[in-house]
Amino acid sequence: MERYLLRYFLAVVDHGSFNRAAAACNVSQPTLSVGIAKLERSLGAPLFLRAGQRTELTPAGSRLLGHARRIEAEFNLAQSAVAAETGEAGATLRIGILHSIPGDIVAQAVADRDPDESGRIEILYGSAQDLAGRLARGRIDAALSLVEGAGGRFAERAVATETYAIAIGATHRLGERRSVQAEDVASETMIVRRHCEALAATSRYFTERGVRPPFALRSTNDERVLQMVAAGLGLTVMPASYRFPGVARPRLTGFDATRTLGWLFGAQAGALRDAPAPLMQRIETLLTARLDKNAVQTS
């Protein structure tokens, strides 16, 4: 049983589809499917039930899952142990960052790196589900993600809780307000952030108030969304930590959704729980400072 086949298997489980798993593994979908078929032949049992867009584990797949996670975790622990023997332990810090955390905060934390800081950095962006899967497989050491969505699978440390606000062009008629109501934007065009954790809550908020706006763009790329908001294509709802030239961030009255961000730690990252790396500390400081500033401006 080859390791890459188990990685394909775990990727399908964690991402819920062969297409997304292939993208996460940086292979084509046919290549991944061939690998899964090879693993099924070696085990003598089908591992997945495929029904349209849905992919579910068979009983054999469910029995394999726990073993596969332990094998992958042990493999990564073995790599760490060998690195420790050769004096290379901690040489690479592998962290995951939730897609919907502002990229400028992470970039600034990297730019502020002290020349004396040793070791390499690997940063991976992904969804909460994707990051959890990579943590479970030992592919990353820690992830800044949704702590309330981790399901108790990992050791965690909360960093900050933030609210959501409207993102609207600064020159828009509502751009100078500190807060807006659903009725104020009833005639506006919206942009949908398809990966937003609060997407269902946002939809419910507007629907309950009789607001059903047209949509000009649906995207998972927040930078592109902000560019289009600044250009006047439409408005959207985003975490309060986002800032972008030409975009105003008034509060959305009555929209009380929040999210709690924090570090999740893999089994091999015990040291990071007790002593976070300097990069992780800088990201925390910049994120909490941004949120504290937002709280003052909107109070």
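Mentor: With domains, whose bounds come from an automatic or database domain assignment. Here the protein chain is divided into domain 1 (3-82), domain 2 (93-102 + 115-158 + 262-297) and domain 3 (161-259). The C-alpha centres of domain 1 and domain 3 lie 38 Å apart.

Trainee: What should I know about the model itself?

Mentor: It is a predicted model, in which local features need pLDDT of at least 70 and side-chain atom pairs count only at pLDDT 80 or more, while totals for chains, interfaces and linings use all residues. Residues are numbered from 1 along each chain as its sequence is written, and side-chain values use heavy atoms, with hydrogens and water left out.

Trainee: How many helices and strands are there in the protein chain?

Mentor: Both are DSSP runs numbered from the N terminus: helices are H or I with at least four residues, strands are E with at least two. The protein chain has ten helices and 13 strands. Its C-alpha trace spans about 65 × 50 × 30 Å along the principal axes.

Trainee: What share of the residues counts as buried?

Mentor: Buried means under 20% relative accessible area, exposed over 50%, and partly exposed in between, using a 1.4 Å probe and protein chains only. By that rule 44% of the 299 residues of the protein chain are buried.

Trainee: And how do I read contacts?

Mentor: A contact means heavy atoms within 4.5 Å. Among contacts in the protein chain with a separation of 6 or more, 73% are between residues 24 or more positions apart.

Trainee: Which residues does Ser100 touch?

Mentor: Ser100 sits in the loop between strand 3 (92-98) and helix 5. Not counting residues up to four places away in sequence, Ser100 touches Arg193, His195, Glu197, Asp222, Pro239, Tyr242 and Arg259. Ser100 counts as buried because its relative accessibility is 1%.

Trainee: Is Asp130 buried or exposed?

Mentor: Asp130 is buried, since its relative accessible area is 9%. Asp130 belongs to helix 6 (residues 128-136). With residues up to four places away in sequence left out, Asp130 touches His15, Leu124 and Tyr125.

Trainee: How should I compare sequence separation with distance in space?

Mentor: Take two pairs. Ala257 and Thr163 are 94 residues apart in sequence and 6.3 Å apart in space, C-alpha to C-alpha. Ala257 is in the loop between strand 12 (251-252) and strand 13 (258-265), and the residues that Ala257 touches include Glu162, Thr163 and Tyr164. Thr55 and Leu279, in turn, are 224 residues apart in sequence and 37 Å apart in space, C-alpha to C-alpha. Thr55 is in strand 2 (residues 54-57); its contacts, leaving aside neighbours within four places in sequence, include Val12, Phe18 and Phe48.

Trainee: At what angle do the axes of helix 1 and helix 3 cross?

Mentor: Axes are lines fitted to C-alpha atoms, for helices over the stretch in contact, and angles run from 0 to 180 degrees between N-to-C directions. The axes of helix 1 and helix 3 come within 9 Å and cross at roughly 110 degrees. That makes helix 1 roughly perpendicular to helix 3, given that angles under 35 degrees count as roughly parallel, over 145 as roughly antiparallel, 65 to 115 as roughly perpendicular and the rest as oblique. The contact involves, among others, Tyr4, Leu5 and Phe9 of helix 1 and Leu32, Ile36 and Lys38 of helix 3.

Trainee: How many salt bridges does the structure hold?

Mentor: Side chains of opposite charge can pair when their charged atoms come close. A salt bridge is a side-chain nitrogen of Lys or Arg within 4 Å of a carboxyl oxygen of Asp or Glu. The structure holds 18 salt bridges. One of them joins Glu2 to Lys38, with the closest N and O atoms 2.9 Å apart. This pair links distant parts of the chain, 36 residues apart: Glu2 is in the segment before helix 1 (3-15), and Lys38 is in helix 3 (residues 29-43).

Trainee: Which residue forms a salt bridge with Asp104?

Mentor: Arg290 does, the closest N and O atoms being 2.6 Å apart. The pair links distant parts of the chain, with Asp104 in helix 5 (residues 103-111) and Arg290 in helix 10 (residues 278-298), 186 residues apart. Asp104 is partly exposed, at a relative accessible area of 37%, whereas Arg290 is buried, at 18%.
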